[in-house]
Amino acid sequence: MGEQAVTGAGGAPAPEKTPDATGDDAAAAGTDPTPTGPASAGMTADGQPAAPADVSGAGMSADAAPAGAAPAAPAGGEAATRTADITAGPGGVMTDEVGVVTGELTLRTEHAGGTVTVRVQYKDADEWYAVTGGSAPLADPAGLDAVHTIAVGLLNRPEG
């Protein structure tokens, strides 16, 4: 990590401990003083550009979309969806159509027409209800997994 300023009296940097913005202090510690890459917060350690990283186990990617990971809207204008079984916490989940629903639910997050919508249903029921406040613009369908993960995290309360 970077150096931190050491303060002297009154909060001013102590002259002998002022951080070295050029990296010469680090070079004096036994490394080559010649910079070998960008001197920015580009998150590189060896001066080489960062390679795209697949973190698909976390449901995410960094600068790269693994094959099949980004949910594209299916042909015919159908919504791309994600579902999960959840248990509503105390007070349940507020819906636009019927008010509060409680107990064992199925949560569905769908993306269609540039909008993401979160819906719930009683587990194994036929009717779906829109979660109050659960609709927002989402231009890129690749964000569907992240929105779904957040919705599940907020609404699933199996311990009460």
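Modeller: Two strands count as paired if DSSP finds at least two bridges between them. The model under discussion is predicted.

Biologist: In what pattern do the helices and strands follow one another along the sequence?
Modeller: The protein contains two helices and eight strands.

Biologist: Which residue in S8 is the bridge partner of Val120?
Modeller: Strand S7 spans residues 115-122, and strand S8 spans residues 129-137. S7 and S8 pair in the antiparallel sense over five bridges. Within S8, the partner of Val120 is Tyr129.

Biologist: Which residue of the hairpin of S7 and S8 takes a positive phi near 70°?
Modeller: This hairpin has six residues between its strands. The residue with a positive phi near 70° is Asp124.

Biologist: Over how many bridges do S6 and S7 pair?
Modeller: S6 covers residues 104-112 and S7 covers residues 115-122. Their pairing is antiparallel, and the number of bridges is eight.

Biologist: Which residue takes a positive phi in the hairpin of S6 and S7?
Modeller: In this hairpin, two residues lie between the strands. The phi in question is near 60°, and the residue that takes it is Gly113.

Biologist: Which residue in S8 does Thr117 stand opposite?
Modeller: S7 pairs with S6 in the antiparallel sense, and S7 also pairs with S8 in that sense. On the S8 side, Thr117 stands opposite Ser135.

Biologist: How far apart in space are Val152 and Leu107, C-alpha to C-alpha?
Modeller: Val152 is placed in helix H2, residues 144-155. Leaving aside neighbours within four places in sequence, Val152 is in contact with Ala84, Ile86 and Leu107. Val152 and Leu107 are 45 residues apart in sequence, whereas their C-alpha separation in space is 7.4 Å.

Biologist: What share of contacts between residues at least 6 apart in sequence joins residues at least 24 apart?
Modeller: A contact here means heavy atoms within 4.5 Å. Among contacts in the protein between residues at least 6 apart, the share joining residues at least 24 apart is 40%.

Methods
Residues numbered from 1 in each chain as written. Predicted model: local features only at pLDDT ≥ 70, side-chain atom pairs only at ≥ 80, totals over all residues. Heavy atoms only, no water. Helix = DSSP H or I, 4+ residues; strand = E, 2+ residues; numbered from the N terminus.
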